[in-house]
There are 2 protein chains.
Amino acid sequence: MPAPSDFLQFVDQNADAFIQRLAEAVAIPSISCEVPRRPDVVKMAHWLDGQLKALGVETQLRDLGTHVMDGVELGIPPAVLGRIGNDPKKKTVLLYGHFDVQPASKSDGWNTDPFTLTIHPTNGQLIGRGSSDDKGPVLGWLNVLQYHHQNKKELPVNLRMCFEGMEETGSEGLDDLVVKEGAKGGWFDGVDCVCISDNYWLNTRTPALTYGLRGIAYYKVNVSGPTRDLHSGVFGRMVHEPMTDLIQIMSKLVDTTGQILVPGVDDMVSVASEEEKSLYEQLDYSIADVEESVGAPITLSDDKTTVLMGRMRSPSLSLHGIEGAFYGSGGKTVIPANVTGKFSIRLVPPQTPENVNPLVVSYIESEFAKLKTKNKLSVEAMHGGRPWIADHKHWNFEAAKRATEAVYGRSPDLTREGGSIPVTLTFAETLGVNVLLLPMGRGDDGAHSTNEKLDRSNFIEGTKLLGTYLYELAQ
Amino acid sequence: MPAPSDFLQFVDQNADAFIQRLAEAVAIPSISCEVPRRPDVVKMAHWLDGQLKALGVETQLRDLGTHVMDGVELGIPPAVLGRIGNDPKKKTVLLYGHFDVQPASKSDGWNTDPFTLTIHPTNGQLIGRGSSDDKGPVLGWLNVLQYHHQNKKELPVNLRMCFEGMEETGSEGLDDLVVKEGAKGGWFDGVDCVCISDNYWLNTRTPALTYGLRGIAYYKVNVSGPTRDLHSGVFGRMVHEPMTDLIQIMSKLVDTTGQILVPGVDDMVSVASEEEKSLYEQLDYSIADVEESVGAPITLSDDKTTVLMGRMRSPSLSLHGIEGAFYGSGGKTVIPANVTGKFSIRLVPPQTPENVNPLVVSYIESEFAKLKTKNKLSVEAMHGGRPWIADHKHWNFEAAKRATEAVYGRSPDLTREGGSIPVTLTFAETLGVNVLLLPMGRGDDGAHSTNEKLDRSNFIEGTKLLGTYLYELAQ
């Protein structure tokens with residue numbers, strides 16, 4: 001059924017208050033991968049729990065135990081579970097989102113404080129860490145709930161909610177929770193479908209529904225030699241330097257065409273058929289879109305389909321950086337003693353961390369042996385997640401298509417996404433139901449980057465979309 | 001003439017007070033290559049000026065103008081000039097040292113706060129940034145002056161002093177000062193020889209005099225593409241990644257045997273004759289010494305002479321790190337937008353920054369062109385300094401040999417050093433006099449590294465050595 005028109009009006013009328021609530025959420029620097037920020041992630045869990053309770057949602061904070069990060073044993077931030085409605089005649093929808101964020105600091109190149117939501121004076125963009133990934137979408141659901149709570153309207157579906165604080169750090173502890181709560185009598189028992197709003201439109205114009213995600217396998221390559229950093233004048237050309245070795249290894253992982261040099265990794269993926277290629281050709285997308293969103297003409301190919309397939313159906317290997325080397329400005333003349341290269345591979349079916357990890361580790365070990373250095377190597381596979389593909393003709397997707405048409409007046413692009421949300425696969429496999437990715441933000445939002453933003457219209461129309469989707473499910 | 005015995009006693013009796021003064025100096029974090037620390041370098045200049053004045057030295061703070069660092073125009077810290085004695089019957093000796101230090105922070109791996117001088121509870125090492133490089137030696141001169149001032153003893157030579165605060169950042173402004181003050185009527189007019197205490201023994205046992213230094217040429221290689229950092233899930237295998245390109249370039253600079261891959265650079269240096277090799281064979285040195293000072297068996301060769309020649313008469317290329325990439329712990333999935341590799345080449349005659357820079361820049365540009373990336377490259381030669389060699393049979397060296405024998409009871413090793421003190425060459429060429437490097441610290445002091453230290457005995461016996469050298473000059 002269509003969403004009630006007063007819902008749509010309510011959203012427009014309350015837009016400023018919704019943005020104010022988003023500012024509150026952004027102000028909590030809930031960075032899950034930094035040890036000193038862990039208390040902020042917990043604070044964010046409590047903030048969200050309080051919001052949900054105030055909107056009439058029955059909640060529970062679920063302890064997920066502890067994990068070790070950077071040699072420190074830390075409590076995993078609790079997951080926030082929510083429940084409202086238990087009508088057997090209604091569909092039961094599970095909503096997922098995350099309230100942790102990527103690191104951000106002004107010195108990375110932000111134009112504004114990343115944890116102060118800043119409204120761009122001319123285009124109205126809402127700028128701040130987590131505005132789009134994923135506090136904006138999570139708060140979109142709060143906005144929908146507020147309409148129903150404040151106006152004493154019954155929801156068209158039963159809702160179950162699962163919000164976590166570790167998505168950016170491998171969703172530690174969540175798999176076990178989903179398995180446990182998906183069982184008979186658990187919090188997610190009886191769920192008919194899942195909706196996750198944690199990705200982006202392909203471009204800046206066309207709403208999208210997403211039916212595929214790449215997985216990820218994240219690696220650390222450590223090379224160590226001396227017990228302390230050395231003066232390059234005193235020791236240069238006397239000893240094997242860990243940086244020399246590490247750079248050699250990192251240079252052998254990927255070439256400048258994007259080809260992955262670890263033998264067997266690219267080969268695992270089938271070549272696209274002409275029919276599959278045509279799916280990518282149909283998407284509302286151009287090379288100019290990529291150039292606009294990255295700010296420079298640096299696509300690996302000038303062919304739109306090739307570039308789209310690079311993101312949607314190919315693995316990719318990115319070199320993220322080096323821990324332990326000199327990273328400041330100026331000219332420090334150090335031989336770093338202990339350096340750790342960080343890289344990750346985005347995975348597509350049939351790749352999994354389990355079948356890719358051994359190829360990566362043994363390749364690096366064999367390349368390191370060829371260097372004939374006396375330094376020591378260790379390779380560690382950090383967090384990983386398998387890729388995922390869903391049936392985009394399922395009623396869950398059909399409801400989202402109708403909702404998109406109702407709110408935006410156009411059909412959504414049907415996309416596969418380059419990023420990884422490992423929990424998607426966990427929900428699909430554990431609950432055995434269809435999972436829909438229903439993005440709120442645009443392709444140029446800059447998630448994980450400096451100056452992350454969510455367009456005001458995406459937050460407001462996106463709230464309408466989320467609510468309308470629930471009504472369309474009830475049809 | 002030998003140093004008076006009460007000088008040697010004075011040094012022993014005042015050792016604790018000397019160490020306390022060193023603690024005061026270390027407590028000022030005078031890091032010249034960090035913009036926010038610049039006021040501390042200036043503070044350190046004033047501290048030193050005050051100390052010298054209190055010891056009866058006529059001083060001047062010399063403004064060296066401004067320079068641009070990291071896009072900021074900064075005042076160069078003033079040089080501290082000192083003068084005491086003007087007896088035409090005495091030799092006039094110019095002392096040089098520096099009061100700026102390399103960066104240091106606890107997070108780099110220091111066991112103690114780098115700016116709190118810490119006395120090791122068992123071995124008495126004086127641990128702190130600058131303890132050995134170069135505040136300890138500069139304060140050694142203060143200790144010598146204190147004996148003469150406090151006891152109203154005349155110095156055996158006339159002294160001129162030049163202490164700078166930019167040695168770790170290319171000695172900006174100093175060349176002009178030396179040229180100006182070396183001219184007729186200038187502060188350095190009439191100087192007969194120069195003594196610089198700013199390097200280290202070859203090992204931990206044998207005092208050394210140093211007659212050669214490598215030069216340095218420091219480079220930045222910048223690769224830029226997108227206008228902001230990108231999410232590796234969203235953009236991986238769509239765009240040319242600056243890190244991929246930069247790592248390729250950095251991997252082509254040096255191999256794991258230490259060979260410099262920039263064509264023509266290694267080739268500029270002559271092959272050592274058998275006679276020259278024999279000089280290195282005679283030095284009190286073993287592979288075990290290197291292994292002990294670096295803490296691991298990582299020498300490039302198992303042959304002592306080869307390893308020594310690598311440091312003393314060969315160029316070396318060290319990769320220091322990358323600015324702009326992810327350097328934290330954890331697993332950030334970023335495609336950095338703008339990354340700058342830092343490396344430097346230590347130079348030996350006949351290499352100079354002027355003849356090496358064009359080879360490096362054109363090689364990197366041609367290797368980058370081969371990558372066929374759409375990202376942008378820029379290569380910048382930062383600070384540089386030529387290598388230097390002195391006549392080690394000059395009376396200046398002979399005086400230092402006798403002083404070493406008197407204080408330490410043994411002949412010094414005659415070494416060439418791997419590090420760079422560009423001002424050495426400036427003094428030699430501008431003043432046209434012999435320059436002696438008279439090290440105070442040991443080969444394992446960890447200058448430019450974590451947990452930098454100066455052994456208590458090196459500070460105290462080193463003070464005796466500096467004073468005795470002045471008396472031996474007067475013979």
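**Ground rules.** I number residues from 1 along each chain as its sequence is written, and chains are lettered from A and ligands numbered from 1 in the order in which they are written. The model is predicted, so I keep local features at pLDDT of at least 70 and side-chain atom pairs at pLDDT 80 or more, while totals for chains, interfaces and linings use all residues, and side-chain values use heavy atoms, with hydrogens and water left out.

**Entry 1, symmetry.** I superposed the copies by least squares on the C-alpha atoms of residues with pLDDT of at least 70 in both. A rotation of 180° with 0.0 Å of shift along its axis brings chain A onto chain B, at an RMSD of 0.0 Å. I note this as the relation of a two-fold axis.

I looked up the contact (heavy atoms within 4.5 Å). Chain A gives 93 residues to it and chain B gives 93 residues. Of the interface residues of chain A, 100% are also interface residues in chain B, so the copies meet through the same surface. I take buried area as the accessible area (1.4 Å probe) that two parts lose on being put together, summed over both. For chain A and chain B this comes to about 8,100 Å², with 54% of it on carbon and sulfur atoms.

I counted salt bridges (a side-chain nitrogen of Lys or Arg within 4 Å of a carboxyl oxygen of Asp or Glu). There are six between chain A and chain B. One of them joins Lys332(A) and Asp108(B), at 3.9 Å from N to O. I then counted polar contacts (N or O atoms within 3.5 Å; within protein, one must be able to donate a hydrogen and the other to accept it, and residues adjacent in sequence count only if both atoms are side-chain atoms). The interface has 56 residue pairs in polar contact, both residues at pLDDT 80 or more. Strand S13 (residues 316-323) of chain A supplies the largest share of the side of chain A that touches chain B, eight residues. Strands (E, at least two residues) and helices (H or I, at least four) are DSSP runs, numbered from the N terminus.

I located Arg442(A) in the loop between strand S19 (434-437) and strand S20 (453-454) of chain A. Its side chain makes a polar contact with the side chain of Asp455(A), at 3.5 Å. Not counting residues up to four places away in sequence, Arg442(A) touches residues including Tyr200(A), Trp201(A) and Lys453(A).

Most residues other than glycine have a negative phi, and most peptide bonds are trans. I find a cis peptide bond from Pro349(A) to Pro350(A), with omega near 10°. Pro350(A) sits in the loop between S15 and helix H11 (353-371) of chain A. Another cis peptide bond joins Asp133(B) and Asp134(B), omega being about 10°. Asp70(A), a residue other than glycine, has a positive phi near 50°. I place Asp70(A) in the loop between strand S2 (66-69) and strand S3 (72-75) of chain A.
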